[in-house]
Amino acid sequence: MMFYSLNNTQEKSNFKEAIFNSLAGDGGLYFPERINKLSVDFLNNISNYNNYEIGYEIMKNFVGNSINSSDLVDIIQKTLNFDFKLYEVEKNIFSYELFHGPTLAFKDVGANFLANCLEYYSDEKILNILVATSGDTGAAVANSFYNKKDINVYVLFPKNKISDYQERQITSKGDNIYPIEIEGNFDDCQSLVKRAFKDKNLRSQIRISSANSINIGRWLPQSIYYFILLKELSKININNKINISVPSGNFGNICAGLIAMKMGLNVNNFIAATNINDTIPRYFKTGEYTPKKTIRTISNAMDVSDPNNFPRIEHIFDNNFQALKNKIRAEKVDEEETKNQIKKTYCKSKYILDPHGAVGLVGLSRYNLKNEIGIFLETAHPIKFRDSITEILDVNIDDPLKLTNECGSHKIALKNNYSDFIEFIKQSQ
Ligand SMILES: *Cc1c(COP(=O)(O)O)cnc(C)c1O
């Protein structure tokens, strides 16, 4: 299996090259040259498979012969060692909880898979992972790559703009994980990382790669849990049409859902729910793609105004805008609506949403389900946003990880300055 660049389908790499390079040589996003359909037999009998088997059935299509099958099984087992749960919040409306992993957000799946693949290919040369984060990616990546052989990780996060809980997750590891607090916002962090990727001089001296969802190793494994969803639904005998609402920022998660659909998952409609950073809902309405300055919200992992993965989504629909709009609805959800939903769901069902899941549920509730089923992805555990939640609800949220401040911080504080950043990377090699 090869992956081509969306800029030029003649420019191809295999799985290993694609995960090391992150982006194709011409700067384009990688995309699989083929999306195989899973067998009808497998889909009809999915409840007989365990999650590892499901993960393997999917990922073998993309990894091809770049990893032998017993090693791929091993990587999948290390990747999916936690639960994916469905919870019926209201009649016919389900929360699909993707937050039971080690850092309490769905990003654990992709980060684990990528880290285990890169470690598998380890060749004694240091690989440097650069990642800009608004919170969850950094936590997942710090956890997944901790103590991985010959890998250094630089996690750039904006000062005072991620939750306390996320900061603890990112800064408490140490060793090969360098948490760098940048005096600036998320876009500044992202610009520093992007500049490093374009810096030929730097790249001639050290190897760098990304663990953001531009990397197929982070992004594609996310299609696995859409099939685990199918299994969970079949366990409770639900065969109605399904509609899936995905709280979206960089649009990687929903794009993985579309890959699952291409592989044979039957989804009636997807709902892409954004917060007030609404470039895509506006684009759907007006046909004009005009990102605005990013605004901070309580669903901070979705504070993105120029979603990295949107070109992949357009590609899935062969750049047919109408076909895309027939399958995906885009819904913008404002802060008031998000907070009201958190209150309403708690009062009705005693279920504590996180702000991202709440955006997903608002988007879903605007959709007329008739006798269909609605599922929203609950992408993070509410504890990660404890401060926002406890301003809305007077509740105690149990912390499954029992994190405290006493366990130390390895934070490195830097100004928003490219040469300081590069200097730091070089001296830590
Ligand atoms: C990253 C993240 C999102 C957005 O996912 P994308 O793949 O970037 O669209 C949504 N919710 C949470 C909790 C996240 O961490």
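The largest cavity has a volume of about 350 Å³, where a cavity is a set of points on a 1 Å grid over the protein atoms alone at which a 1.4 Å probe fits but cannot get out, and a volume is the space filled by probe spheres set on points joined across faces, edges and corners. A search of the whole structure finds three cavities of 30 Å³ or more. This is a predicted model, in which local features need pLDDT of at least 70 and side-chain atom pairs count only at pLDDT 80 or more, while totals for chains, interfaces and linings use all residues. Residues are numbered from 1 along each chain as its sequence is written, and side-chain values use heavy atoms, with hydrogens and water left out.

**Largest cavity**
- Of the 29 lining residues, meaning those with an atom within 4 Å of a point, the closest to the centre of the largest cavity are Phe 106, Lys 107, Gly 249, Asn 250 and Ala 301.
- Helix H12 gives the most to this lining, with three residues; helices (H or I, at least four residues) and strands (E, at least two) are DSSP runs numbered from the N terminus.
- By class, the lining of the largest cavity has ten nonpolar, 15 polar and four charged residues, with Ala, Val, Leu, Ile, Met, Phe, Trp, Tyr, Cys and Pro counted as nonpolar, Asp, Glu, Lys and Arg as charged, and the others, Gly among them, as polar.

**Largest pocket**
- The largest pocket has a volume of about 550 Å³, a pocket being an open set with protein on both sides within 12 Å along at least five of seven lines.
- Its lining comprises 21 residues, and the closest to the centre of the pocket are Leu 23, Gly 27, Phe 197, Lys 198 and Ile 214.
- Helix H8 (residues 186–198) gives the most to the lining of the largest pocket, with five residues.

**Sheet**
- An open sheet of mixed pairing is formed by six strands in the order S4-S5-S13-S10-S11-S12, and two strands pair if DSSP finds at least two bridges between them.
- Strand S4 (85–90) and strand S12 (328–332) each have a single partner strand at the edges, so one side of each is left without a neighbour in the sheet.
- Strands S4 and S5 (residues 93–97) run antiparallel and are joined by five bridges, with Lys 85 standing opposite Glu 97 in S5.

**Whole chain**
- The protein chain has 19 helices and 14 strands.
- Along its principal axes, the C-alpha trace of the protein chain spans about 60 × 50 × 40 Å.
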